[in-house]
Amino acid sequence: MPVIETINLTKDYAVGFWRKRPRRVLDDLNLAVESGEVFGLLGPNGAGKSTTLKLILRLIFPTRGTISIFGADWSDASLRARIGFLPENPSFYDNLTAEEFLKYAGSLFGLAPGERRRRAAQLLEQVGLAEVADIPVRRYSKGMVQRLGIAQALVNDPDLVILDEPMSGLDPLGRREVRDLILELKAARKTVVFSTHILPDAETLCDRVAILHRGRLQGLGELSRILAMGIASTEIVLENVAGGVLNALATAGIAAVRTGDRVRLSVQDEAEVGKVLEIAVREKIKLVSMTPVRMTLEDYFLEKVEKGQPVRERFDRQELSRGN
Amino acid sequence: MARIGSIAWHTFKEAARDRVLYNLIVFALLMIGASILFGQISVGIEGIILVDLGLSSIAVFGLLMAILIGIGLVSEEIERRTIFNVLSKPVRRYEFILGKYLGLLLTLSINTGVMTAGFYLALFFQKRHLSAEDVLPLGAIYFILLQFAIVVAWALFFSCISTPVLSAVFTFSIYVAGHFLSDLQFFGEETRSSIVSGLTTFLYYVLPNFADFDVITRTAHGEKISGLLFTANSLYALLYVTVLISAAVLVFEEKEFR
């Protein structure tokens, strides 16, 4: 049973001052997020990532389609007792302290006063706000507010954690801490859904990603499969290569670039990789490195979004049918 | 129920630390204190002037607090996106509205309590003693609180459907109109136009009739408030607030938070 399942999820907003007309911001989204996975929602600004998350949390309502959470209809408010949510650019009450807010959040989940105190202290320590816990939130920096946002999303020890742009406003150290936190959540078998437009974050963390652009799903799949299928070439670096060998490689159509006593080869075909290695062994040439040049998520993203051309049609169809 | 209580308590905590509120309380206390001076230049009616001005100060500054905080109750939460932190948790929307309303009512009650203490301090300063008849102003203060309860319900309702500025204008207009409903109805009848007359009669029944709650002058002259008026005003306020909060909940249930 998927933790989150959306079927034909569509959202229109009314735009215009006098004559309202619908503007589609999410179009027939079919997704299934499985238990225990880290799922990334990727896309540029305005792609529909936050809209999707707000629909899941019932902060906005779908124009069409259905959403189920933990196998039940999403309109049941009690389901949110198992969800933690960090909104994009979170904001808190100016005059409350971080500790007060976390206790307040705990009370909304029905935690007993003692449990609230314990969770608040533990989370403040975990996100590095323990020393400023009694200062009003209005004095916090953007990074500190983001940390408090993360803490309040975890106050109920949720089974499903939804984070909207969790790295936003954080310095490199903070981003690393959030990355570690997401990995900790994964290790604890929690389901994590997060949106981002920072692709290296998704590359590091996600088991599967959905790529959105202008409200439409452009790609969906396991990240390792997307990246593995995108091996473009293999880069081989050799040392002390004799001139005769270079000629033989050139005859075989393998491009070589000499830098000092090293030669860098860009080999497109797997069969050719074998041929190069065979020559290297036979000629007792030192193999310095051999690196598969993979399509990065960034390449995939750009190719999908910028050119609007499907990269792996067959793969997508397969994944989309899984989503349905 | 616990969630409503928690939202109310934290609404109170947040509002109680607002500096604007303290400024208004200080102004109110200054006005109450100044009414002692006005009393001294009004030979023979010092007590009447003190009660009249003191209670009016409580009513005016309390109203300002009710409008200033009330209009931001929901719209500011949406504008500043703090509402995402609450509604993404297992909180029903009606619980949020009720909690916010009760929180502000608690804030206003405590502020009115502080101003009442200031008023009695001024009364004691003037008379050098307090007697049984000095309990009378408490009835007027109770009616002032009932008016606040209705005003805050309007402010909350407008806050759900409009911007803070417009909410303030609408709420203040309703408060003012609520004190002149009889005049409004009389005006409608005098025009001899069935449309205008129908409209003013409609407004007479729909808008809150605050004239019955205004017993400040009567109290200042030592007139007792009847038990019937206490009961009628209490039930009227309860019914009015219930209808308004229900309307606010209906609007809020359908509201989207982008």
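Figure 1. Thr97(A) has its place in the loop between S6 and H2 of chain A, where helices (H or I, at least four residues) and strands (E, at least two) are DSSP runs numbered from the N terminus. The model is a predicted one, in which local features need pLDDT of at least 70 and side-chain atom pairs count only at pLDDT 80 or more, while totals for chains, interfaces and linings use all residues. Residues are numbered from 1 along each chain as its sequence is written, chains are lettered from A and ligands numbered from 1 in the order in which they are written, and side-chain values use heavy atoms, with hydrogens and water left out. Thr97(A) counts as buried because its relative accessibility is 10%; buried means under 20% relative accessible area, exposed over 50%, and partly exposed in between (1.4 Å probe, protein chains only). Not counting residues up to four places away in sequence, Thr97(A) touches Ala133(A), Asp134(A), Ile135(A), Pro136(A) and Val137(A), together with Arg17(B) from the other chain, contact being defined as heavy atoms within 4.5 Å. Thr97(A) and Val132(A) are 35 residues apart in sequence, with a C-alpha to C-alpha distance of 8.5 Å.

**Figure 2. Ser91(A) and its contacts with chain B.** Ser91(A) also lies in the loop between S6 and helix H2 (98–108) of chain A, and it counts as buried because its relative accessibility is 13%. The side chain of Ser91(A) reaches the backbone oxygen of Arg80(B) at 3.1 Å. Leaving aside residues up to four places away in sequence, Ser91(A) touches Arg80(B), Arg81(B), Thr82(B) and Asn85(B).

Figure 3. The strands follow the order S6-S7-S8-S3-S9-S10 (chain A) and their pairing is mixed, two strands being taken as paired if DSSP finds at least two bridges between them. The edges are strand S6 (83–86) and strand S10 (216–222) of chain A, each of which pairs on one side only. From one strand to the next the twist averages 15°, with axes taken as lines fitted to C-alpha atoms, for helices over the stretch in contact, and angles running from 0 to 180 degrees between N-to-C directions. Within this sheet, strand S3 (residues 38–42) and strand S9 (residues 208–213) of chain A run parallel and are joined by four bridges, and Gly40(A) has Val209(A) in S9(A) as its bridge partner. Helix H5 (residues 172–187) of chain A packs on the sheet, where it touches S3, strand S7 (160–164) and strand S8 (191–196) of chain A, and the direction of H5 makes about 150° with that of S8(A).

**Figure 4. The antiparallel sheet of four strands in chain A.** This open sheet has the strand order S2-S1-S4-S5 (chain A), with antiparallel pairing, and its edge strands are strand S2 (21–33) and S5 of chain A, each pairing on one side only. Nine bridges join S1(A) to S2(A), and Asp12(A) stands opposite Arg24(A) in S2(A). Strand S1 (residues 4–15) and strand S4 (residues 64–69) of chain A pair in the antiparallel sense over five bridges, with Ile67(A) in S4(A) as the bridge partner of Thr6(A). S4(A) is joined in turn by two bridges to strand S5 (residues 72–73) of chain A, in which Ala72(A) is the bridge partner of Ile69(A). The hairpin of S4(A) and S5(A) has two residues between the strands, and there Phe70(A) takes a positive phi near 50°.

**Figure 5. Nonpolar cores and Ile97(B).** The largest nonpolar core has 154 residues, and those with the most contacts inside it are Ile69(A), Leu160(A), Ile162(A), Ile182(A), Phe96(B), Ile97(B) and Phe252(B); such a core is a set of buried Ala, Val, Leu, Ile, Met, Phe, Trp, Tyr and Cys residues joined through side-chain atoms within 4.5 Å. Helix H7 (residues 136–161) of chain B provides the largest share of this core, 17 residues. Ile97(B) touches Val74(B), Leu156(B), Cys160(B), Ile245(B), Ala248(B), Val249(B) and Phe252(B), not counting residues up to four places away in sequence.

Key:
Polar contact = N/O pair within 3.5 Å; in protein donor to acceptor, adjacent residues only side chain to side chain.
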